[in-house]
Amino acid sequence: LRHSELAFSAAHAAALEATCAAVGAVTAPPKEAALELLGEGKGAAVRGMCRFDLFGRALRGRSVDHLAGESALPPVVLPVELSLVPDCVSSYEDVCNALRHAVHLCELLANQQGYIPNTYCLRVSLLQHLLTAVIPLPLPCSHPQRASRCFWAASPMRYETQADLLRLLNLACRHFAACCFSIRVTRSFDAVRLPGVATIATL
């Protein structure tokens with residue numbers, strides 16, 4: 001505040017205290033409820049409170065610490081390490097680990113969406129990057145170099161790896177679909193939704 005405004009406020013505060021003191025000289029003793037609120041005994045007299053109920057809260061010089069309740073405990077926010085998803089994969093085990101990390105990160109973002117902003121966008125971006133830039137797509141069955149150049153046909157896959165991969169793709173597809181239905185649809189976002197679902201179906 002400027003010096004003139006501060007002096008104006010101080011003058012009005014002094015006038016208000018003088019008016020309260022003058023009114024309190026001709027009023028009755030305060031109510032018991034107001035005295036209990038201020039922490040005073042029943043025999044104490046705080047002048048000027050009967051004419052204006054609860055006006056005693058404006059008085060200075062009394063501790064109000066006993067009126068404050070307990071503070072709320074801060075939430076425990078688990079860290080979301082998006083860097084756990086690798087930038088490239090070289091084996092079936094790397095694909096399963098990348099999908100497992102992505103699903104785990106999506107679960108953390110979903111459970112903490114009240115404390116982390118824009119979780120839907122983060123999950124969609126994470127899964128889009130994983131499906132379109134990290135995991136290679138299989139070549140067509142009729143491709144002449146499928147046996148030598150296709151990531152998925154270069155080596156045999158065990159049944160447990162196949163079952164784990166399908167389960168992780170199912171979970172990733174659920175997260176992707178939930179986020180797609182929770183974000184406003186635009187033309188650019190359609191270019192993200194359709195390739196993502198098509199990639200999951202292809203895998």
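Helices here are DSSP runs of H or I with at least four residues, strands are E runs of at least two, and both are numbered from the N terminus. With that, take Q112, which lies in the loop between α3 (92-111) and α4.

A word on the model. It is predicted, so local features need pLDDT of at least 70, side-chain atom pairs count only at pLDDT 80 or more, and totals for chains, interfaces and linings use all residues. Residues are numbered from 1 along each chain as its sequence is written, and side-chain values use heavy atoms, with hydrogens and water left out.

Back to Q112. Is Q112 buried or exposed? Q112 is buried, at 6% relative accessibility. Buried means under 20% relative accessible area, exposed over 50%, partly exposed in between, with a 1.4 Å probe and protein chains only. Setting aside neighbours within four places in sequence, Q112 contacts V76, V77, L78 and V80. Contact means heavy atoms within 4.5 Å.

Next, helix packing. Helix α4 (residues 119-134) packs on helix α7 (residues 187-202) at about 50°, axes 10 Å apart. Axes are lines fitted to C-alpha atoms, for helices over the stretch in contact, and angles run from 0 to 180 degrees between N-to-C directions. Which residues meet? From α4, V124, Q128, L131 and T132; from α7, F189, V192, G196, T199 and I200.

Last, cysteines. The disulfide count is zero, taking a disulfide as two cysteine sulfur atoms within 2.5 Å. C173 is in none; its nearest cysteine sulfur, that of C180, is 9.0 Å away. C173 is partly exposed at 28% relative accessible area. C96 is buried at 6%.
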